[in-house]
Amino acid sequence: MMNLKIVLLYMALLLLVSNVQAKVIKHIETAEADIEVRVFPADGDVLLLGFPCDEGKSIAEEKTAQSLAEDGVEVWMPDMLGGFMLPKVRSSLADIPTETITAIIAEALKTGKKVYLIASGPDTELILRAASEWETEDHDPVAGAILMFPRLFKDTPVPGQAPEYVDAVGKTRLPIMLLEGGRTPNRWGLNTLSHELQKNGSDVTSKIIPKVRGYFFKRQDANRSEDVVTSQMAGLIKVSLFYLGEKEI
Amino acid sequence: MYKQVYLFILLFSIIGLSQGTVQAANLKPVTGDVAAPALTLKDLHGEIHDLKDYKGQVVLVQFWATYCGPCRKEMPSMNKMMTKMGDTPFKILAVDMGESEAEVKPFVDEVKPEFTILMDEEGKSIEEWRVFAAPSNFIIGPDGKIKYTLFGGVEWDSDELIEKLKALAK
C-alpha cells in the first residue's frame, strides 16, 4: 500500500515536471550586436522582457523567471552587457544603443504575446529610453513596464533641492509600476519620481515593499525579510502585472 | 632608501591635505536668504524639539537612517565634533528617516550619540526638507537661514569643518 502511494507521488511529480519547459538560449541578431537571450518559455499570453545587464550572473532573477514561467508568464532575459562586451558598471548603460533594445522588443512582440518590460536600479533607464523610442513609430504597443527600485537621478541630489532625473524620465506613455524598498532613502523620492514619469501621459502606480533595502535580491548581506521577499519575487511581479492590467494571472 | 621614505611621507601628506580639502569642499554654500523649513519632532525620550527654539545657535540638521552605511560610519565623528565645538552655541538634530524606535535603538545604544536623535516615522519632514538621499545635511546659521548643505558621509570632527562652523556662530 505504502509503495503504491510512493509510485503515485512520483507519477504526479513527473506530470508536474513535464509541464515546465526548461530555459532555452535564443540569439537575436541586431544591426549592432548578437544578443544572447535566456528564454523561459510559457504557454500564457504575457511575455516579460527583462534587462538585467548582468552577463548572465543573476541567480535570483533566473529563479524568479523560472517560477513565473511555471505560472504561465514567459520571460526573456537578454544579456545586453555581454552582447556589447561591456563591464558591469553604470556608465556602460550609455553604450547600449536604444535600437538594439527596440529590436529585441520587436522580436518579443512577434510571439503575439503582450509584452511587459522590467528592469531594476539604474538599468531602468534603458527600458524608459527604449519605450520612448518605440512609441515614436507606428508599432504594436508594449503593454507596460515594471521598474524595481529605479535609480534615475542624473546626479547626486543636493539636499533641499528637487532632484534632476536622466533624460529618459517623462518621455514615454507606457503604464508604469514602481516598486521601491521601505528601507532606502529613495522611498522618499517616490512621489517626485512618479510625478516626473507621468509628464508624457504614463499611468504610474507605486508600491513600497516594507522592511527591505534597495537591490535586496542582489545583496550578499540580505536579512531575513529580504530573503523572504526574494523568494517571493515572482508573486511580487505578478501583483505588479495585475496593477498594470493583467487580471487573469 | 631615505629618499624613498621621504617621498612616501610627502605623498601621504599631500593625500592627507587633499582629503581635508575635499571634505571642506563638500559643504555647499547656499546663496540668498533661504529660511530653514519647520522641524518639530519627538526625540527617543518623547521630548518634542522645535528647530525655531534653537535660533541663535548653529544647528546641524542631518537626515539619516540605520540602513545607510555612510550614516552609521560618520556618527562617531559627530560625537567628537560636539566635543570640539566646545562652548560654541551649536546643536545637532539628527532626524531618522522613517524607521521605528525598535529599529533605531540598538544602533543608538551602540554609538551613544551625544546629540539629539529625532524620529520621523511618517517622513513628513523629509518631504518638506526635500531630502532624496542619505545622509543629507543642512547647516543652519544663528539667524535660522540655511548656510550650507552637504550630501554624503564625512569626518565631522575635521579641523576645517569645525573652523567653518565656529566662524558661522560669530
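**Close-up views of a predicted two-chain model**

**View 1. Met85(A) is found in the loop that joins helix H3 (80-83) to helix H4 (98-109) of chain A.** This is a predicted model. The phi angle of Met85(A) is near 50°, a positive value in a residue other than glycine. Met85(A) counts as exposed because 10 C-beta neighbours lie inside 10 Å, and the limit for an exposed residue is 12 or fewer.

**View 2. Phe149(A) sits in the loop between strand E6 (144-148) and strand E7 (176-181) of chain A.** Phi is positive here too, near 30°, in a residue other than glycine. Is Phe149(A) buried or exposed? Phe149(A) is buried, because 23 other C-beta atoms lie within 10 Å.

**View 3. Ser202(A) occupies the loop between helix H6 (190-197) and strand E8 (204-209) of chain A.** Ser202(A) has 21 other C-beta atoms within 10 Å and is therefore buried. Arg173(A) is 29 residues away from Ser202(A) in sequence, yet the two C-alpha atoms are 4.2 Å apart in space. Not counting residues up to four places away in sequence, Ser202(A) touches Thr172(A), Arg173(A), Leu174(A), Pro175(A), Ile176(A) and Leu197(A).

**View 4. The largest nonpolar core has 62 residues.** Leu49(A), Tyr116(A) and Ala145(A) touch the most other members of this core. Helix H5 (residues 124-135) of chain A gives the most to the core, with six residues. Leaving aside neighbours within four places in sequence, the contacts of Tyr116(A) are Val46(A), Leu48(A), Leu49(A), Ala143(A), Gly144(A), Ala145(A), Ile146(A), Leu241(A) and Leu244(A). Another core lies apart from this one and has 45 residues, among them Cys68(B), Val95(B), Ala133(B) and Leu150(B). In soluble globular proteins, nonpolar side chains tend to be buried together.

**View 5. Helix H2 (residues 69-85) of chain B has a kink of about 35° at Met75(B).** The kink lies shortly before the proline Pro76(B). H2(B) has 17 residues and reaches 25 Å from its first C-alpha to its last, close to the 24 Å expected at 1.5 Å a residue. Which residues of H2(B) are buried? They are Cys71(B), Glu74(B), Met75(B), Met78(B), Met81(B) and Met85(B). An α-helix has 3.6 residues a turn, so residues three or four places apart point the same way. The cover over the buried residues of H2(B) includes strand E4 (58-64), strand E5 (90-97), helix H3 (101-111) and helix H5 (159-169) of chain B. After H2(B) comes Gly86(B), with a positive phi near 55°.

**View 6. The contact between the chains takes 20 residues from chain B and 14 residues from chain A.** On the side of chain B that touches chain A, the elements that give two or more residues are helix H4 (124-128), strand E7 (136-140) and strand E8 (146-151) of chain B. By class, this side of chain B has 13 nonpolar, four polar and three charged residues. Pro135(B) is in the loop between H4 and E7 of chain B. The peptide bond from Ala134(B) to Pro135(B) is cis, with omega near -5°. The model scores ipTM 0.77 and pTM 0.84.

**View 7. Residues 4-25 of chain B have pLDDT under 50.** For this segment the model has ten contacts beyond four places in sequence. Where pLDDT is low, the predicted coordinates should not be read in detail. Chain B averages a pLDDT of 87, and 85% of the residues score at least 70.

Notes. Residues numbered from 1 in each chain as written. Chains lettered and ligands numbered in written order. Predicted model: local features only at pLDDT ≥ 70, side-chain atom pairs only at ≥ 80, totals over all residues. Helix = DSSP H or I, 4+ residues; strand = E, 2+ residues; numbered from the N terminus. Expected span 1.5 Å × (residues − 1). Bend = angle between axes of the 7 residues up to and from the residue. Buried ≥ 20, exposed ≤ 12 C-beta atoms within 10 Å, placed from the backbone. Contact = placed C-beta atoms within 7 Å. pLDDT = per-residue confidence, 0-100. Nonpolar A, V, L, I, M, F, W, Y, C, P; charged D, E, K, R; others polar. Core = buried A, V, L, I, M, F, W, Y, C linked by C-beta atoms within 7 Å.
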